[in-house]
Amino acid sequence: MATHLGSESPRAGGKRRHCRGNVVARFTASRITGRGFSRGTQLPGGLLQERDKRAKWNGIPNLLQKLHESSHPNSDLSHAHSFLKVLSSHLSMEAMSFVTEDRKTAQESTFPNTHTFDLFGGVDLLVEILMRPTLTMQKKKPKMNDDLVKDCLSVLYNCCICTEGVTKSLASRDDFVLFLFTLMTNKKTFLQTATLIEDILGVKKEMIHLEGIPNLSGLVQSFDQQQLANFCRILSVTISEPDVGNDDKHTLLAKNAQQKRNSSPSRAEVNQVTLLNIPGFIERLCKLATRKVSEATGANFLQELEDWYTWLDNALVLDALMQMATEEAEQSSTESSDESSLATSPLRHRLPQSMKIVHEIMYKVEVLYVLCVLLMGRQRNQVHKMLAEFRLIPGLNNLFDKLIWRKYTASNHVVHGQNENCDCSPEISFKIQFLRLLQSFSDHHENKYLLLNSQELNELSAISMKANIPEVEALVNTDRSLVCDGKKGLLTRLLAVMKREPPDSSFRFWQARAVESFLRGATSYADQMFLLKRGLLEHILFCIIDSGCTSRDVLQSYFDLLGELMKFNIDAFKRFNKYVNTPEKFRTFLTQINSSLVDSNMLVRCIVLSLDRFESQTEDVKVVEVLSECCLLSYMARVENRLSFLFRLINIINVQTLTQENVSCLNTSLVILMLARRKAKLPFYLNALREKEYTEKYPGCLLNNFHNLLRFWQRHYLNKDKDSTCLENSSCIPFSYWKETVSVLLGPDRTSLCAIASYIDEPFMDLDRDLLED
């Protein structure tokens, strides 16, 4: 698009002067080299007028000159504003075409007016005009007209979306970025400022320090609820770790090396602390997340929702439309009092109601996202305490049927991926963020019982009493004044909609994750029975065996949930056997498990652990009966089947490919070997691995790989308290036994029958190579 100038002779003469290229090329070259003129105000007006028509600049360079001349310090900015309005009219149509066109087409098209505006220094000039009051030495800063500020911001935003490089250029100016936050104190310019900041922060290379924003606490406290909700869109960029792809897909080797290099808290973590220190911040977010809105009426609501979300970029754009719709409605009411004529207007009076619903939903998406990020941060316990105190969960429970999961059937169910940034409707985004919040809230935290109501808590107590087991301490300590109200708690409501969800719905993934998080941690028999009594196990088995579900993500989430639901629970295995009552069903179930062990290994671990416990409870008649009848326990009791799982679990991973998603395969293989060691059968299993290698004609490969995996395991887990606690709670095996077993397996003594090295013949030894260095 731009023409680069070649090197010029220092003795350039008359002829040479005519060969230097055109004005556009000179401007482009000056930007690259930093030499020469950089904006249209440095050129003679006559020259610009002469070239304008031929170059199709539409008078933009000339208007920029006039804008510059009329915007000097102490000048009457009303003249400058009039020139800016003319410029804005040239640029606004291009911006509108970008927003309303199909995005792929829009990116391929060109925007000559916006490009010309930027090329001749328009962007830099507007930045100067906006920041001019900050440069004065006067104690009382001069105040600019609000409309002028709004138009400056709007033109800058138009340039950002239509001209490549403008956003990054603005993002590189830290002084301007921080200055923009000061403009948010003015409600009249808030919308335009927030829109521009969001765009700029989205491309900024380095995350900003929130504590660097002047008087951030006062700024946030000055926002009304609508402004605070929009501000959450900006905050989401400042408190989330930089998106470098799916977190689960990053190798643990690379992540550990990164953590080793950066041991201090990240900017995102520092920004989270800054937000939590703002008085009343979390309380206001909870109020925003749980406030009620009017229910939509009329059969056309769903179609309206579908039509609107296809082109509404974000809540900021919707704010502008809401304002326009309100003004339009007010104007029409003064023009005519004929109610019948008003009713026939298709958009003016039908859309505002549905827009309000979408408006509120989009606000809540942003708020829930911020709360979810904070819940997963280092200050998790502090956030948990505040969310409980401000009754977030009861508030969401009251919204569940009326807003979060309204009772309707969409004509076209949208199937989407599990990425929270997917391009989907506000309705879908809202549901996903809601489910992610529940998952983060319940995961390994005693506050999970706030998802129930008082009657359901009493039910848990009754289950424990009937089974003659003590109540879980977290249940006893739950503050009853903070639990859900009404006939059903939030968890029970979620189970109900989960069972009604269509088979191909990707909501199943998030629903299963949310319910699983309630069960994770130390196994609770009462929690399991509470869910078993509501038919959850049968629903999961239907989805795995009979529904025809082929989504690996959904199946993995159901395998994980089934494992937590059945672990150590003899009643669950009895129910399993009742549902899987034919050889065909059992074969289908095994086929699903074996189709991807990465997805199903947590369930395999659950079965192995449960079998081991049940085999030690043979004095219990009920246990003996289920052990003899359950096809699943009988299958896992056969040593050849356990060995088959062990072979494959070790074979599908190596140190270079370990991720947060598949490291569970390593831990499941360890569980199998720890249980074997307890029964003095570890040498038998290691010898079986050796024989498998020779049968497959790759001696040393499997055991060398396992040795390297265990060396990585030591480095990874011995420095992570949280991970070790999770391993201990989920397996009921003390972490000291995990560490001891790994040490035994890695023992250097080749005479030890429990050391891997003893089973690798000398020619195939490859244990000294350090594959763990980054």
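**Note on salt bridges and burial in a predicted model**

1. At 31% relative accessibility, glutamate 283 counts as partly exposed, where buried means under 20% relative accessible area, exposed over 50%, and partly exposed in between (1.4 Å probe, protein chains only). Its side chain forms a salt bridge with lysine 287, and the closest N and O atoms are 3.9 Å apart; the term denotes a side-chain nitrogen of Lys or Arg within 4 Å of a carboxyl oxygen of Asp or Glu. Both residues belong to helix α17 (residues 281–290), and because they are 4 residues apart, about one helical turn separates them. Helices (H or I, at least four residues) are DSSP runs, numbered from the N terminus.

2. On provenance: this is a predicted model, in which local features need pLDDT of at least 70 and side-chain atom pairs count only at pLDDT 80 or more, whereas totals for chains, interfaces and linings use all residues. Residues are numbered from 1 along each chain as its sequence is written, and side-chain values use heavy atoms, with hydrogens and water left out.

3. The structure holds 31 salt bridges. One of them joins aspartate 224 and lysine 187, with an N to O distance of 2.6 Å. This pair links distant parts of the chain, 37 residues apart: aspartate 224 sits in the loop between α13 (216–222) and α14 (225–239), and lysine 187 in helix α12 (residues 187–201). The two partners fall into separate accessibility classes: aspartate 224, at 24%, is partly exposed, while lysine 187, at 58%, is exposed.

4. A further salt bridge brings together the side chains of aspartate 612 and lysine 679, at 3.5 Å from N to O. Aspartate 612 lies in helix α34 (residues 597–614) and lysine 679 in the loop between α38 (663–678) and α39 (682–695), so the pair ties together parts that are 67 residues apart in sequence. Salt bridges with shared partners join Asp612, Glu615, Arg678 and Lys679 into one network.

5. The last point concerns glutamine 592, which is placed in helix α33 (residues 583–595). This residue counts as buried because its relative accessibility is 15%. Which residues does glutamine 592 contact, leaving aside its neighbours within four places in sequence? They are Ile544, Cys549, Arg552, Leu555 and Phe559, where contact means heavy atoms within 4.5 Å.

Terms used: Helices (H or I, at least four residues) and strands (E, at least two) are DSSP runs, numbered from the N terminus.
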